[in-house]
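Subject: Model handover

Hi,

Here is the model I promised to pass on.

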Amino acid sequence: MNDERRDEEIQVTDRRRFHADGEPAVLPADEGEANLPDLAETAAEAPGAAALAEAEAAARVWEERARTAEGRLADLQDSFLRAKEDLAATRARLERDQERRVRDALGRAFSSILEALDGFDRALAHAGDDPLAEGVRLVQKQLLDALAGEGLERIETLGKPFDPNVAEAVLSCPAEDPAARQTVVEEYRAGYRLGERVLRAAQVKVAV
């Protein structure tokens, strides 16, 4: 009885099978083993160390190329901005030079007209109130208005404080009223300005 119980306790189920010649037979895997992944196939699908290193090296190369391209782009932008500023400065300088040349040319042209304007002033200084004098005054006014349209203006000095920037004191006289000191009391030759530029200073008498 005890021997039979001992045999049952140590009994082992051997699943191996043997052929008639004593060689073990290959048995199909059980259900748990059949569901295990194929390790060889998984290893083949995963990237190898060499491929991974090559991909990292390529990424570093492209990153370096991107930084180089960004640097070149920044240099091109700086060069473009500098060229744009230089062009604007050159255009402004050319415009100033052109305006100066035009003013100089107008100044030379108007300088030859000032003698004719002085002739009107001398003629009217000795003219009366007859119709001929009025006609001369009308022509003078029309001429001055036309010249004013081109930028030539007569400088008003009579009765105003003396300004050495626009007038030249050729004579002086005592001031009867202390409040009239340094005031222009007589104009011998009219002065003219072209824009902001004094083309010819006036010649005046100043009360001192």
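First, the ground rules. This is a predicted model, so to speak: local features need pLDDT of at least 70, side-chain atom pairs count only at pLDDT 80 or more, and totals for chains, interfaces and linings use all residues. Residues are numbered from 1 along each chain as its sequence is written, and side-chain values use heavy atoms, with hydrogens and water left out. Helices (H or I, at least four residues) and strands (E, at least two) are DSSP runs, numbered from the N terminus. Two strands pair if DSSP finds at least two bridges between them.

Let's begin with an open, antiparallel sheet of 3 strands, ordered β3-β6-β7. Its edges are β3 (152–155) and β7 (197–200); each has a single partner strand, so one side of each has no neighbour in the sheet. On average, neighbouring strands here are turned by 40° against each other, direction ignored. Axes, by the way, are lines fitted to C-alpha atoms (for helices, over the stretch in contact), and angles run from 0 to 180 degrees between N-to-C directions. Between β6 (residues 191–194) and β7 there are 3 bridges, in the antiparallel sense, and L194 has R197 of β7 as its bridge partner. Helix α4 (residues 49–125) lies across β3, β6 and β7, at about 45° to β7.

Next, α5 (residues 131–149). This helix has 19 residues and spans 27 Å from first C-alpha to last, close to the expected 27 Å at 1.5 Å a residue (the expected span being 1.5 Å times one less than the number of residues). Its buried residues are A133, Q140 and L147; buried means under 20% relative accessible area, exposed over 50%, and partly exposed in between, with a 1.4 Å probe and protein chains only. Viewed down the axis of α5, the buried residues fall within an arc of 50°, so they line one face of the helix. That arc is taken from the directions from the helix axis to the C-beta atoms. On the face turned away from the buried side sit the exposed residues P131, K141 and G149. The cover over the buried residues includes α4 and β3, where contact means heavy atoms within 4.5 Å. Just after α5, G151 has a positive phi of about 105°.

So what does L147 touch, leaving aside its neighbours within four places in sequence? Its contacts are F110, I113, L117 and L152. L147 also belongs to the largest nonpolar core, which has 9 residues, including F110, L114, Y192 and L199. A nonpolar core is a set of buried Ala, Val, Leu, Ile, Met, Phe, Trp, Tyr and Cys residues joined through side-chain atoms within 4.5 Å. The largest share of this core, 3 residues, comes from α4. Another core lies apart from it, with 7 residues, among them V166, A167, V184 and V204.

Finally, the other open sheet: 3 strands in the order β4-β8-β5, with mixed pairing. The twist averages 35° from one strand to the next. β4 and β8 (residues 202–207) run parallel, joined by 6 bridges, and E168 stands opposite Q203 in β8. F162 is in the loop between β3 and β4, and its contacts beyond four places in sequence include A167, V184 and V204. The C-alpha atoms of F162 and T183 are 5.3 Å apart, though 21 residues separate them along the chain.

Cheers
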